[in-house]
Every structure is written in C-alpha cells, then in structure tokens.
Amino acid sequence: MSQSKKQANRLAKGGRIDRSRTLSFTFNGQSYQGHPGDTLASALLANGVDIVNRSFKYSRPRGIVAAGAEEPNAIVQLGSTEAGQVPNVRATQQALFAGLTARSTNGWPNVQRDMMGLVGKVGGKFMPPGFYYKTFMAPASMWMTYEKYIRKSAGLGRSPMEVDPDTYDHLHQHCDVLVVGGGAAGLAAALAAARSGARVIVADEQEDMGGSLLDSRETLDGKPADQWVAQVLEELAGCENVTLLPRTTANGYHDHNFVTLHERRTEHLSETAPLVNGHRPVRSRMHRVRAGQVILATGAHERPLVYAGNDVPGNLLAGAVSTYIRRYGVAPGNKLVLSTSNDYGYRAALDWKEAGREVVAIVDARQAPAGDWVEAARAQGIKVITGSAVIEAKGGSRVSAARVAKIDIDTFKVIGQAETLACDTIASSGGYSPVIHLASHTGARPTWRDDLLGFVPNLVKGVQACGGANGTYDLGEVLAEGVEAGVKAAAATGHAAPAVSLPQAKTLEQGPAAPLFQVPHEKPTLRAPKQFVDLQNDVTAAGIELATREGFESIEHVKRYTAMGFGTDQGKLGNINGMAIAARCLGRSIPEVGTTVFRPNYTPVTFGAIVGRHCRDLFDPERYTALHQWHVEHGAEFEDVGQWKRPWYFPQTINGKKETMHEAVARECLAVREKIGILDASTLGKIDIQGPDAREFLNRIYTNKWMKLDVGRVRYGLMCKDDGMLMDDGTTSCLGENHFLMTTTTGGAAGVLEWLELWHQTEWPELQVYFTSVTDHWATMTITGPEARKLLAEITDIDLDRDTFKFMDWRAGKVAGVPARVFRISFTGELAYEINVQANYAMHVWKTLFEHGDKYGLTPYGTETMHVLRAEKGFIIAGQDSDGSVTPEDLGMQWAVGYDKPFSWVGKRALSRSDTRRTDRKQLVGLKPKDPKVVLEEGAQIVFDPKHAIPMPMAGHVTSSYYSPTLDSGFALGVVKGGHNKLGETVYLPMADGQTHEAEIVSPIFYDPKGERQNV
Amino acid sequence: MSNAATFDTRTDGAIPVESSLAYSYHRSGTPRVGPQSRVILRERALLGHLILRGGAIVLDEAVREVLGLGLPGQPQGLVVDASGERSVQWLSPDEWLVIVPGGEEFELETRLRERLADAHYAISDVSGGQTLLELSGEAARELLMKSAIYDVHPSHFPVGKGVTTVFAKATAIIRRPSEERWELVIRRSFADYLYRWLLDAGAEYAIGVEK
Amino acid sequence: MFYIHCPYCGEHREEEEFHPKGQAHIERPKDPEACSDEEWGDYLFFRDNPRGVHHELWVHAVGCRKFFNVTRHTVTYEILETYKMGEQPRITAESLASQQTQGNVQVASGGQQTVGATNAAAPSVKGEQV
C-alpha cells in the first residue's frame, strides 16, 4: 500500500463537510483521505482520482460523472473482509467513514491496466450491439463456457462467501401520506401534510435531506436555502405524526400504494454495524409501507449531452460539478469547458469560476441565448460560444481538450471547422428529465411534454407528483406545488391542512432550452468516435442507430438488443437521449417511440434487507408437537412434513455404534410387528365438527356413507375434489349425534378446513354445521403392536375388552390419570390405540407409557417406520401414492365409495365421465422386485417393454418403496396403466445408470392380507 | 343440551402439565428483565380458551347471562371483564374466542350448552392448542411492527381491538386489552418459532421474559 | 401486494391474509347426474380470462376465514369492489361501459381501488379505498 496523497482538488472553503476531522480510506489498495460529510465519490475527486472503473463491454477507463443515484460509472465493491463484501454500491451514494475499503467493480486485474482493454480497443470497431450473442452463441452449447470468462472480466460485483455478521429486518409501516424525496417539493409537501395531523413518512435517499437546496445558489427569504431546510426539518422532527427516514430509498412502488423503502441505518458509520449496549443493531431495514396517499417528490436527473468521447474521465454532468463544488468543497479539475443546451448548465460555470478555477468557455447550442443566466456568465467575463457544442472530447485517461464546432440541430450537422480548446474537464447539460421510475413501477406509461423536453409521470389513483418529478423546476413554483400536493393528500385521508406560508424564492429567470439529444459529429454516427448514451451498459448512439437499421423498431426491442437501461442503471441517465436517437433514426417523434418500462429496484438493494429476519433459524416456522423435547432428548432424527418437524427415526447407540437409518428402521418395524411401538401422531389435522347437519355434510364431502355411524364409532373416509380425484383421507369419529372429530393428513390440515368452509359457505350455507380446528389442542400418541392392549390396560380405566371395545371404536376415560379419548384404529395393521389427550398433559402421559412400557419392549418409532408398516399393508398416503390425477377406483378403494348415496357428493359425477372410466388408467398395485435385495427408486418410471426404442412408452411409476424387515425384501407401491388386471405380470424399470429392474405386479397388501392382526 | 359431546380435561392437581412454551424456555432460555428492557414478555399459560360459533344474538344473550360479559358489538372487538381475567373477542361474524382462567372452561361450556339448548351453535375447547403472551414496555409496538403486517398504530388499533393476522411467517391474534399491554394468542405448534422470533426481534430493546 | 377490503371484517387488510380461489359465481349444477359430460366438464374446468373487469372468489384465510367476492380489473389490478357471498356485483364490465358513456363515473386511469361513482343508485361502493 502506497502512501496517502494530498487532497489536491479540495477547495479551501465551502461545502457541507467537516474539515476539522480527517478520515482515511482505501480505494483499489491505495490509501486516501477525506472528511466527514464526503461521499466516497467526492473524496475520490478531492484526491484527483480520475479512473474509478472499466466499462462493462469495451473496458474503457471511466470516471465519476454524476453526484447521485444516476451515477453510471463509479460502482464499487465495498468491504475489507470477505464477510463484509458489498457489491454494486454507487460511490456517489456511499458516505465516507474511517477505514472504508472499496474496489472498482470492473477491471481485471486492475483499472489502470485492464486485460479486456485490448479487446475493448479492437472491439472499438468490432463490437456492435448484440456482439456477445452473435459471436458466442454458436455453438449454443459453448455459451456457458464463454460466459464464465466474459463475466470474470466484465465484473458485476460479487457476493460475500462468508456469513454476514450483520443483521437486517423489516418494519411494517402504515401511513396517510408517504412523501418520497426530501428536497424542496417533498419538504413543502411534508410540512403541509404534517400540520394537518396526518400520519406522514418522508423518505430521502441522501445522507441529508434537502435535495438540491443543499447546494443551491438560490435564496429563500434572502437567506441560503439550506437554512429553510434546517428549519423545516426541525419542525418535522418535532411532530409525533411524522417519521423522517434519511438514507432511505423508495426502491419499489407496488399495487395499491404499497411502497418498499430501503433504509441504510449504519452503512454510513462503518463496514459492520457498531455495537450499541453490546447489541449489534440492524444494518439496513426494509420498510414495507402501505400508504393512503403517495407524493412523489423525486426530483429530476440531468441529461448529459451525447458527443464523441463523452465517456473519457473528466466528462461530468454540469449539475454534478456544481454539487461537488458547493456541497463537498471539491473542484473536480482546473480548466472547464461547459457544453449546454439550456440555462441550468450555466450554474456549473459560475460555481467553477467562483471556486477560483478557469472557465475556458461556455459552449451553448442555442443560436442566441439570452436572459439572466447568460448575462450573469458574461458579467463574470466568461466566454460564451453560441450555436455550438462540444462535438468531441479528446484524451485517454483524462480529458485533454474539447473540440467545439457550430452545429445545426435540425439537420443534425456540424457546420464549418471545429476548434480545439485545451481543458481537463467538460461539463455538459442537455436539460433535466423528471425521475419517473417509481410512477412507472405502477404500470402507468408516462407522457411526453415538448415544452419540458421530457416525460412526466402519469399517475394512478392515490399518488401525486410535484416539483422536478413533475417537470416543475422554478423553486417558487416547486414549493407551491409541494404544499398543494401535501394539502390534497392530507385531505384525501381525512385531514384538513392549515395554510402554509412559503418563503420567497429568489431565482434567476430561465430562457427556453434547445432539444439536443445527440451532438452531431463531422463523421456520420456509425463512423464517428463512440458517442455514449448509456455509460453503465456501454450503449452508443451508433449502437442504437444500428439496431434500428437491423429492424428493431419498438423501443422495448431496441432496449433488449442494445442493453440500454438494463440492470442497476434502469435508464437513469441515458434513456431519454436513447429514445430520442431511436426516434430520429426511425423518423418518428419521441412520444411515438415512447419509453421503456422502468422496473424495481430503483437502486440495488442488499439481499439482507429483502430477507430481513427471515433467515437462518427463523427462515421458516418449525412446528413442534407437545412431545418435541422428548424426541430431541432421545436422539430423534427429524423429517420435515409441511412445516412440522416429525421424528423420522430414533437411532440407538448399540455397542458404542450409532445405528444407520436402515438399522434403526428395521429394529423399529420389528418391534411393532412383534411387540409394541409408539408414534407421536399429534401432527394429524383435527377438525371439530358440530351441528345438526354435520352428518349430511360429511355425506356430501366424503365419498362413503356417514348416516349410520353410531356414537362411539370411527370410520375411514376419502375426500375427492369435484373432478373425482382423491384430495385427502383420514378417519372421522362420531363423538355425539351432532358431533364429529375429523382427522386429516398432516400436510392437508389447513387445506381441508378451508375446503370444508368453501363448500359450506358457497354451496350449502343452509346446512347447520360449524368447523373448528383442534389440531393443536390434542396430542395424539399411537401405541401399536401385539402388546398394546396389555400396556394400555395398566394405566387406563377404559374397558379394553376386545369384543366391547372393537376395532374402529373409540372410548373416553383416563389414561395415566389424564382424561383421554382412545381410538382403536390402525395404520400399521397391528392392534393399535390412538390416545388423544389435551396437549398440555401429553408429556406426562407419554412418559407414563414408557414407565410401564419398558417391560413390553415399548419402542418409539418415527415416520419412516410408519411408512414401511403402512405400505406393507397397502395403506396409501394421499399426496404420495396419489397426485391429483388418481380416483378412489384407481386406488382400488371402491369399498370406500357410496355410489348410491342420495346426494351427488363431491367427486361423484366425475367418476362416470369417459376419462375416469378408461380401463387403461394408472392404477395402484403392489410391485415385488424380482431381486429381493432391490429397493426400487420412488418416482422411477415403469415400462412394459424394456427393449422398445427410446423414447419408451411410460406405463406408470413407483409411488412408495421400502425395504421390509418383516418380509426381508424390497417392496413397492406404484401406479401402472390397467394395473388391476395385470396381477402376476412383469414390468420393467430402466434406471439412469443403465440397469433395468424387473418387478412383478402383485396385490398392494403385502402383509396380513386378511387383516386379522388389527382385530385381535 | 345439544347432541354434542363435552369433554372435561381437568385432572387431579398432581399431574404435571406443560404450557406451549415449556420446551422453548428450556431451549432458548428466558432473558432477564433489566432496567434497559424496553419490552417485557410474559406468558399467561394454561388459560381456558373456547371457540364459540353461532348467531350473534343468540350467543350474546347466553354469554351475557353465563359470563356476565356481552359479545363485542363490532368486528375486531375485544371485551374484557373488570378483573381483566375473562375476555371475549370477535373472530368472524359467527365466531368468538373466549378466554377465562384455566379450569373454568368446562363449567362455562356446560352452562352455555344448558342455556343455549337447541339453538344452532358450536363450542370447541382449544385450551391445549394455544397460549397467550403479554407484551409491555415502550418498544412493544415497534416490536409488533417488525413482526406483523397489521397496522398497530393507536389511531388504528385502539384499546378493545383484536385481530387475527400474519405474524412473522406464522399467524397470531393480536389484542390490545389496555393502554399499556398488548397480547398475542399463538398456536401451540408455532409457539417455539414465535418465541425465538420475539427474542430475536426484541434483542435490540433488551427484551426480558417474566416468568 | 393488494390491499383488500374484507366485507366481513369491514376494513382493508394486506394481501398476505388472503387466498385467491379463482373465478366467482361458479355455481355447482343442482343435479350433477343430469349434466352431460360436456356440461360437467365446463363446470369443472372452463373459466373466463377477461382483459378488464373480472369477478373473483377470495377467502380471508388469516382472518375471519370467510369467502367473499372481488371485482378486479385485470389490467390495472384495481379492486373495484368487494362483496359478500350470495350478493351480486354492482360493478360489471357492462355497467362500467354504460356508465362511461353516460359520463357520470370517474374511470380511473389505472391503479387503486377506485370508482368515484356519483350514481344515486350506488351511493357508496363497498371496498372503496379512501
């Protein structure tokens, strides 16, 4: 690292910086100094850093052009550590802090000596728009290879590869009036709205609010404008109904006045948020604002002039020159040539002169400019060349001269000889373009105004634009428009605003501007040195002309062909010039050509702010049962089922060795089949159904019959959509004549409840029935296996006699002293009891079961064992063995379909459509691999003829497949075309690795086909 | 009595019982309330929670008679009795949440059923499925703004209001029984996620948990 | 991110609380068995996809759990009104067209829940955003 340099371009006085303190920072490995109040850009300019980047496509050296969000070149990578890397930061928007470390985004190996510079120079002639596509797309398969290298050298910033030490969050805001922009218009609007008592939020993207008033030459009530700013901010800060958000960018404007604001809370302080009371505050925050009314006071961006060599470092926007001088006390050069088409640009020359630097000339495109500004410049002795423009900037890594010539805008020609003026800085102004990005996010197309030479926003309801954003530039008018917008917005939200007296603005009279969107060159555009339109994306005037010649007539197509306004730039600087050039080439007017659509985000937003607190442990809710702690303490591995964490299996450590999943599941399966196992089934959805029409409702919503289910009985039911396809299944118990408890699949709970409500509320409101979710109220423990009755008998007062408490009965009583409902249902095929207790008592009951269960070999099992056991019995899982295209008949479950029920229940009619009657539908069957060691892959495709040429006709697929320790064999369920009539036939499963498995179609019930074990 | 089954979940006193947050206290701890705590979280565990369904007029009379508290007259309404122990909250045009001290819910349900006789209504005990959290302290509202999409500004969320809304990535009922206190009614299965969320979001306010 | 007026809760709520459920006013045939396959297929599968005014079924899923109807403009995404189950829309493509020609309604250029109808027959439009 070399030694620090002096701030050669820092003026002795002026600016809103604190010269009493010095901050050191590093740019591209070089150490520099600046002051509090600087941006990284102003500090770089103060230190005379000309080249801040290499351009995206041609790798040309680039310097700072602007002073705000519209900066196209000074896009840097921040971060002194890997974890602290932040890409795509505009140096013009980054406040300087001690120790700031930045690098150029583009430029490999460095900006001064760039590998791609060579290509760029060659490409100067040979890289037309579409270059990459045309050159590298063939063969298409190689694009991925080229793209890697192009990206490496083009550089788009990079993400950190280590965990971000900072935190981020969201704040949900609601307000009556959201004011976007804290400049003259925004502050006036905020003041009016605030005084009405409305809830007001003011968001401004800069370090300080005040916008252009912070570096204005104009006075308010005879005082510098920033004094009025301070006074207004003080009043607003004192209002309880006002939230001021500096350093906050409105980055997206969404439907119904929903605006996202990105607030950078600590980025101006240090790389990582500094600790406060031992706690690290959030680095940045996304405010999600729902506003009654939105006021867009986003100002206007200056348009640069498009002339040859306008990208050489030292070409700046005129307004930016003024801002650097007046706000930061930095003169970014010594000898200035100003090229302008309007009066606004003159300000830069006056400021430059006042800073004690040389103004070589003002070159004005207008034939006879007159008025206050021109007089003021002439009075300062500045040479004004009229009817002319800078047609070309000379210089390599810095401007060395300007070639100035008379031009004719109408015929787009240079007249006579150009003269060369030595200078190191060229400031240009082509007028201002209202910042209409946010308004465009709503989908509303802007309107072109010839008098302004710009687009003004078209607004949806509930939003207004004022000041520069509305094409109003006179300070007095801007303030008045702001107040008017504030009053209107307040009134629209029911708040009457008292009068606001505005300060008297002293401004200079403006003369009319010339419509100059591209400066002609002696050579035609396609042969002239490059005239850049979009600096960030390296789009030239020639590129746009070429695009139109190649037949791209729509501006949206021109944009995509040339990349104009792409990416993080979103057309801030170049769009209007680009459209105007396209219009000229196409022989149309600008409004005929129209504008492209600006999209969120206005400027890049860090992912942290988008994610907020929804990351790491809080990425997604984890739902736990009342027994979760026990599972954790007993070493369960967990499976995600929806948002639930369910025990998957419980690996034991046997002889010092932890079981594999396969071993654990085999042990758990055998325990259930031979002794007893226990499952936490609390996640099953449970819906309490009450009402005199509950039975009728069940009869309509389930495929089977419910009219005769007695109190104390349980029934399994299938639920279809009205297209006849299985949607969910579960058991429903009759608790009382008008009272049922429905269970659903774990993942289906919320959907089923909404489904019941849908039918009740929209089709059958006359049925007297209510549905309430009781999923979380009950904990459910399933004990199952031959020893289940013995264990339960020890701790319950319920009579478990096999003939009085039969399969598919439920009884109430106490289990382990806790009131419980016990359901004799089985998903394993073994004797089983499902015990429901109020969840607060679950842990006690569970532990008591273990106290008594040890001697029976009570074994906890998880979802994997549950799956093996149910599949051995051919019990389906809705959503695994079915997929929304499977009818109950496809599943072979006609026994659960009541074809003769009087009401045409949901799904019935569809079962007689020709499609559902096809005999070659995919039907559920058992699949027995010919090799018992093979466990088929779930999802594997089934074919009838493995010798068929590829593509083979698919006959079905495997839906569930496991190893069965009971059968000591792999086995599977699957759906096969016409499978119900193919028992005993062989099917084939060609796998990706070239193997082909063979399997026999069998009954889906692999174990205890008569169902004797559950009835014992 | 309607043809619905009631179920008394009360047990002998000796049976251990666990609130929805039992695991969370064990896992995430309970940050102490200190002088810097700008938010204080307190669980009011093991209360009786009943869901009432039915027509407003019929239920209002019965609830008034049995509980001495009328149904809230407006959507999003919350009424609390003088002791602050019993409350009724509007959940939908035909649905209310009644919260009473733990152990009272069965008797309340039984008496309501007697009183309502053959009317069409439903009562479901959900006491095991949810718990109530209290938030107090000067930063409580900002903590809610970080977490919930609903507007909790006093002008929009006065005392006596309660809403069901999205909270972090789960759902919760947010209630405002008094000027100083906010309440959250959260589902048991989401309780740990929401507890961790509140501790994380509340860290900058030095959130403390009162037990 | 829509801001939707729930006609049961009586206030605007954020879109995250709602689920869209497709086209509104699709009534299940009273006698499904009497339907031809084609009629049943139409009921099951065929939906309108208009450019402009569309009536949709939504449910206030995280809220009062009630289903209701939304009249929405599919180009501007304006929500023109919301109304309860069993009610008919006050605003339809036809009504908007006729009111436009009568010139007594402010037709929004795009964006928010809107309609400044001064039609005495529709003094206030439900779901209108203030």
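Reader: Is C:Thr71 buried or exposed, and why?

Author: A residue is buried if 20 or more other C-beta atoms lie within 10 Å of its own, exposed if 12 or fewer, and partly exposed in between, with C-beta atoms placed from the backbone. C:Thr71 is buried because 27 other C-beta atoms lie within 10 Å. A word on the source: this is a predicted model, in which local features need pLDDT of at least 70 and side-chain atom pairs count only at pLDDT 80 or more, while totals for chains, interfaces and linings use all residues. Residues are numbered from 1 along each chain as its sequence is written, and chains are lettered from A and ligands numbered from 1 in the order in which they are written.

Reader: Where is C:Thr71 found, and which residues does C:Thr71 touch?

Author: Helices (H or I, at least four residues) and strands (E, at least two) are DSSP runs, numbered from the N terminus. C:Thr71 belongs to strand E5 (residues 67-73) of chain C. Two residues are in contact if their C-beta atoms, placed from the backbone, lie within 7 Å. Not counting residues up to four places away in sequence, C:Thr71 touches C:Val53, C:His55, C:Leu80, C:Glu81, C:Pro89 and C:Ile91. C:Glu94, 23 residues from C:Thr71 in sequence, is 13 Å from it in space, C-alpha to C-alpha.

Reader: What pattern does chain C follow along the sequence?

Author: The pattern is β-β-β-α-β-β-β-α, from 2 helices and 6 strands. Of the 130 residues of chain C, 38% count as buried. Among its contacts between residues at least 6 apart in sequence, 53% join residues at least 24 apart.

Reader: How many residues does the contact take from chain C and from chain A?

Author: The size of an interface is often given as the accessible area lost when the parts come together. Here the description is by residues: 25 from chain C and 30 from chain A. On the chain C side, helix H1 (residues 37-45) gives the most, with 3 residues. By class, that side has 14 nonpolar, 6 polar and 5 charged residues; Ala, Val, Leu, Ile, Met, Phe, Trp, Tyr, Cys and Pro count as nonpolar, Asp, Glu, Lys and Arg as charged, and the others, Gly among them, as polar.

Reader: Which element of chain B supplies the largest share of the side that touches chain A?

Author: That contact takes 50 residues from chain B and 49 residues from chain A. The largest share of the chain B side, 6 residues, comes from H5(B). The residues of this side divide into 20 nonpolar, 16 polar and 14 charged.

Reader: In what order do the 6 strands of the open sheet in chain B lie?

Author: Strands of a sheet pair through backbone hydrogen bonds, either parallel or antiparallel. Two strands count as paired if DSSP finds at least two bridges between them. In chain B the order is E8-E9-E10-E7-E1-E11, with mixed pairing. Strand E8 (161-167) and strand E11 (208-210) are the edge strands, each pairing on one side only. Within the sheet, strand E1 (residues 40-44) and strand E7 (residues 130-136) of chain B run antiparallel, joined by 5 bridges. B:Arg44 has B:Leu132 in E7(B) as its bridge partner.

Reader: What is the pairing in the open sheet of 5 strands in chain A?

Author: The pairing is parallel, in the order E17-E24-E18-E19-E20. The edge strands are strand E17 (315-317) and strand E20 (384-385) of chain A. Strand E18 (residues 335-340) and strand E24 (residues 425-429) of chain A pair over 5 bridges, and A:Leu336 stands opposite A:Thr425 in E24(A).

Reader: Which residues have the most contacts inside the largest nonpolar core?

Author: A nonpolar core is a set of buried Ala, Val, Leu, Ile, Met, Phe, Trp, Tyr and Cys residues joined through C-beta atoms within 7 Å. The largest has 196 residues, and those with the most contacts inside it are A:Ile783, A:Ala842, A:Val845, B:Ile174 and B:Leu194. Helix H5 (residues 191-202) of chain B gives the most to this core, with 7 residues. Leaving aside neighbours within four places in sequence, the contacts of A:Ile783 include A:Ala788, A:Leu791 and A:Leu792.

Reader: Which residues are buried in helix H21 (residues 788-795) of chain A?

Author: A:Ala788, A:Leu791 and A:Leu792 are buried there. Seen down the axis of H21(A), the buried residues fall within an arc of 95 degrees (the arc of the directions from the helix axis to the C-beta atoms), so they line one face of the helix. Their cover includes strand E42 (778-784), strand E45 (832-838) and helix H22 (842-853) of chain A.
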